[in-house]
Amino acid sequence: MTTPDSKPKRQPTSSENPPQLQESNFWTTGKGVLTIIGIAVAATAVVITVIFSTLSNDNEFGQPATYTDIPTDSVCGLGGVALEGSIADTPDAEWVEYRGAWLPVSETYGPGNAASDGEFSCFEHSPRGMLFAASAYTGQLTNPAYWEDIPDIFAGEHAEAHRAEAEELFTTVFAEADTALGGFRLVHYDGDTAQIDMAVTSFDGTETSRTSVVLDMVWADGDWKIAATDTELGISLKPIPDLIGYQHWSA
């Protein structure tokens, strides 16, 4: 026998007591997805801005030279002083013909002195000044038939020996050819020393050839010279098939 208090309890229906809804995740909602996309776009824009900012101060040929506040130490007071950086974009130059060789000159980078006997000297203490010096020296060395004596372009304790060695080397390699500068490639620059690879094109009357002329350069006595501080000649030559990898540099 059951009493009123002992009646079985009826379960409420879903309409009477609906189940509790689960708390939603904001990032899975439409607004959340749009927020994620917005953050990604903003991050991408920042990265692109940084890249373009970097490229504005650099290019495929290296970072432009950084000039110091140091007064020029060039023998003729030319230009400024840049102890780091690179040549970067190919500089503008006026090309002058002298004794069969076409040489680049610049009021900014040198030579500041161009003697009547063909000695080009006084270049800016910078990567580009070094380029103009190396170009003048290479242009003279690779046209030995037009020069009675090798110009005073070596610096160091072995300068005289290197002058004689260079005269013999270049006369042997280039005596029967007309040569011209074709390009350059900066290998190293630290303000005191540098190494640059000059590409030279030669024509001997029947065929065209190309030669890599690598110069070890040193800043000495207010000018760029070919290094003669070592017993080894600061110049090396080797044939190359083309000018790929060089910055164009010719008259």
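Predicted model: local features only at pLDDT ≥ 70, side-chain atom pairs only at ≥ 80, totals over all residues.
Visitor: How many residues of helix 2 are buried?
Guide: Of its 15 residues, 14 are buried, so helix 2 is mostly covered.

Visitor: What span should helix 2 have, and how far apart are its end C-alpha atoms?
Guide: Helix 2 covers residues 127-141, and at 1.5 Å a residue its 15 residues should span 21 Å. Its end C-alpha atoms are 21 Å apart, which agrees with that expectation.

Visitor: Take Ala 133 in that helix. Is it buried or exposed?
Guide: Ala 133 has a relative accessibility of 0%, so it counts as buried.

Visitor: How far is Ala 133 from Met 217 in sequence and in space?
Guide: In sequence, 84 residues separate Ala 133 and Met 217. In space, their C-alpha atoms are 9.1 Å apart.

Visitor: Changing topic, how many salt bridges are there?
Guide: The count comes to two salt bridges, taking a side-chain nitrogen of Lys or Arg within 4 Å of a carboxyl oxygen of Asp or Glu as the rule.

Visitor: Which residue forms a salt bridge with Arg 185?
Guide: The partner of Arg 185 is Asp 197, and the closest N and O atoms are 3.2 Å apart. This pair links distant parts of the chain, with Arg 185 in strand 8 (residues 178-189) and Asp 197 in strand 9 (residues 193-203). The two residues are twelve residues apart.

Visitor: Are those two buried or exposed?
Guide: Arg 185 counts as partly exposed, at 37% relative accessibility. Asp 197 is buried, because its relative accessible area of 3% falls under 20%.

Visitor: And which side chain meets Glu 160 in a salt bridge?
Guide: The side chain of Arg 163 does, with an N to O distance of 3.9 Å. Glu 160 and Arg 163 are three residues apart in helix 3, so about one helical turn separates them.

Visitor: Is Glu 160 buried or exposed?
Guide: Glu 160 counts as exposed, because its relative accessibility is 60% and the cut-off is over 50%.

Visitor: Where does Glu 165 lie?
Guide: Glu 165 lies in helix 3, which runs over residues 159-174. With a relative accessible area of 38%, Glu 165 is partly exposed.

Visitor: Which residues gather with Glu 165 in a patch of negative charge?
Guide: Glu 157, Glu 167, Glu 168, Asp 230 and Glu 232 gather with Glu 165 in that patch on the surface.

Definitions and conventions
Residues numbered from 1 in each chain as written. Heavy atoms only, no water. Patch = residues over 30% accessible without salt bridge, like charges linked within 9 Å, V, L, I, M, F, W, Y side chains within 5 Å. Areas by Shrake-Rupley, 256 points an atom, 1.4 Å probe, with all protein chains shown as cover. Lys, Arg positive; Asp, Glu negative; His and termini not counted. Charge placed at Lys NZ, Arg CZ, Asp CG, Glu CD. Helix = DSSP H or I, 4+ residues; strand = E, 2+ residues; numbered from the N terminus. Buried < 20%, exposed > 50% of the residue type's maximum accessible area, 1.4 Å probe, protein only. Expected span 1.5 Å × (residues − 1).
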